[in-house]
Amino acid sequence: MPRPKKNGQRYKGIQGKSGYLYILISTNEIEDGVVKRKVKWISTGLKDKKENLSKAIEIRNNLYNTYTYSKKKSIYFDKNIVMEDLLPFYLIDRKRELADTTYAAYEYKSRHILEYFRNVRIRDITEVYIKEFLDSLFTDKNLSKRTVKDIRTVFCNIMDYAVANDIIHSNPVNNTEISKQLADKYSGKGNFDDDFFSYDEAMLFMEKIKGKPLSELFYLTLVFGLRREEVLGLRWSAIDFKNKLLYINHTVTKGTTVVRKNSTKTVSSNRSYLLTDDQITMLKNLKQKEKEYKEKYKDKYNDNDYIFKNEKGSPYYPDHPSKVFRKIIKENPDLPQHITFHGLRKSCVSILMHEGMDFKSIQNWVGHADYSTTLKIYTKIKDMDSKKEISEMMGRILPPVIADADEDMK
């Protein structure tokens, strides 16, 4: 009786095992958020005999026609891969190159794509299909034009990834654009004029928040034109009480996790401010309040260097100020209703313009790296002011004709 063959390679990509021939394909899987190379064993059903090797090679060649080899990753992608299976590989690839907050934005926007194309093969996604999807973001989701544009960009990147890995030959997203007509008709978040406070509205806002939670946080945000991550990153060690200086050098951001780091968004964002005596008093009062909470909660208090935190010392989650701000706005219909927490930063520019500050000084005060950002807000405020001025002038020149009411209407 002949001895059985030992397990081993019979041909490139073909192995003998337990008396049968198997085809081996190096593929990839994701485990705990990490791409891992796996060897997939596919049975030919043929016994490990010399006369069956040519049949196994033919099966292997036919099978490989359904896979594409990625030189970049030295693995095979299934040419019939669906969006749900490809997307995790794309996101992991992007995570290596992007900051956490930017990656979180990519991940969030990709959810819309996954929801629509989950079980669709990448090779079956056509231009018509893509246009229907982009239109649905307006008609069904009521998303803003900016958000839909961003989602389209992420979609284009995903399909570029598929092209780079030879899953498809060309990117169909390149030949599509969002519908301007639908953007204007359905977009729920337009370019409203009231996305920041005028001078008078800012003064009214300050009256409304007196004695309210986070009033000091809102005040510093408005006065210094701080970003959310900057005001949440304020620490006691960044205040020089002796020389009355406040340093912006630490941020708290929300990505896939809460990120705390000793850096700002740009070099120009790393800045300092001179504090007034009243501002020093306000901060010292906050410090005294913190001391009282420490005595109240003792060992249950989370002792740290952050200025803004809850009674037990835990720093506020990045979304918290935005939610409190939105609640205040809803409770006060005499304030602009489309303004967001970030609108306080723009409102700082509005106040400085009202007080006659020059363009460059405003840019330096709020820490805009690119002058075009300041110019955009500056231009919008100027436009609003000119419209108001013209309206009042025309009202004086051409007063409205008010007819006498009919006797029956009196």
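Two strands count as paired if DSSP finds at least two bridges between them. Helices (H or I, at least four residues) and strands (E, at least two) are DSSP runs, numbered from the N terminus.

This is a predicted model, in which local features need pLDDT of at least 70 and side-chain atom pairs count only at pLDDT 80 or more, while totals for chains, interfaces and linings use all residues. Residues are numbered from 1 along each chain as its sequence is written, and side-chain values use heavy atoms, with hydrogens and water left out.

**Stop 1: confidence**

Colour the model by pLDDT, the predictor's confidence in each residue, from 0 to 100. The protein averages 83, and 82% of the residues score at least 70. Next select residues 188-192, where pLDDT stays under 50. The model has six contacts (heavy atoms within 4.5 Å) for this stretch beyond four places in sequence.

**Stop 2: the hairpin of β1 and β2**

Select residues 8-11 for β1 and residues 14-17 for β2; the two strands run antiparallel and are joined by three bridges. Q9 has Q15 of β2 as its bridge partner. Two residues lie between the strands of this hairpin, and G13 takes a positive phi near 85 degrees.

**Stop 3: the sheet β7-β8-β11**

Strands of a sheet pair through backbone hydrogen bonds, either parallel or antiparallel. Here three strands form an open sheet in the order β7-β8-β11, with antiparallel pairing. The edges are β7 (239-240) and β11 (271-274); each has a single partner strand, so one side of each is left without a neighbour in the sheet.

Begin with β7 and β8, which pair in the antiparallel sense over two bridges. D240 stands opposite L245 in β8. Their hairpin has four residues between the strands, and K244 takes a positive phi near 55 degrees.

Then move to the other pairing, where β8 (residues 245-248) and β11 are antiparallel over four bridges. Show L246 with its bridge partner Y273 in β11, then I248 with R271 as its bridge partner in β11.

**Stop 4: α2 and α5**

Select residues 83-95 for α2 and residues 145-164 for α5; their axes come within 10 Å and cross at roughly 95 degrees. Axes are lines fitted to C-alpha atoms, for helices over the stretch in contact, and angles run from 0 to 180 degrees between N-to-C directions. Angles under 35 degrees count as roughly parallel, over 145 as roughly antiparallel, 65 to 115 as roughly perpendicular and the rest as oblique. The helices α2 and α5 are therefore roughly perpendicular to each other.

To show the contact, select M83, L86, L87, F89, Y90 and D93 of α2 with V154, F155, N157, I158, Y161 and A162 of α5. These residues divide into ten nonpolar, one polar and one charged. In this count Ala, Val, Leu, Ile, Met, Phe, Trp, Tyr, Cys and Pro are nonpolar, Asp, Glu, Lys and Arg charged, and the others, Gly among them, polar.

**Stop 5: α7 and α12**

Select α7 (residues 199-208) and α12 (residues 343-354), which pack at an angle of about 120 degrees with their axes 9 Å apart. That makes α7 oblique to α12. In α7, Y199, A202, M203 and F205 meet L344, S350, I351 and H354 in α12. The contact residues are six nonpolar, two polar and no charged.

**Stop 6: α12 and α13**

The contact consists of R345, C348, V349, L352 and M353 of α12 and I362, W365 and V366 of α13. Seven of the contact residues are nonpolar, none polar and one charged.
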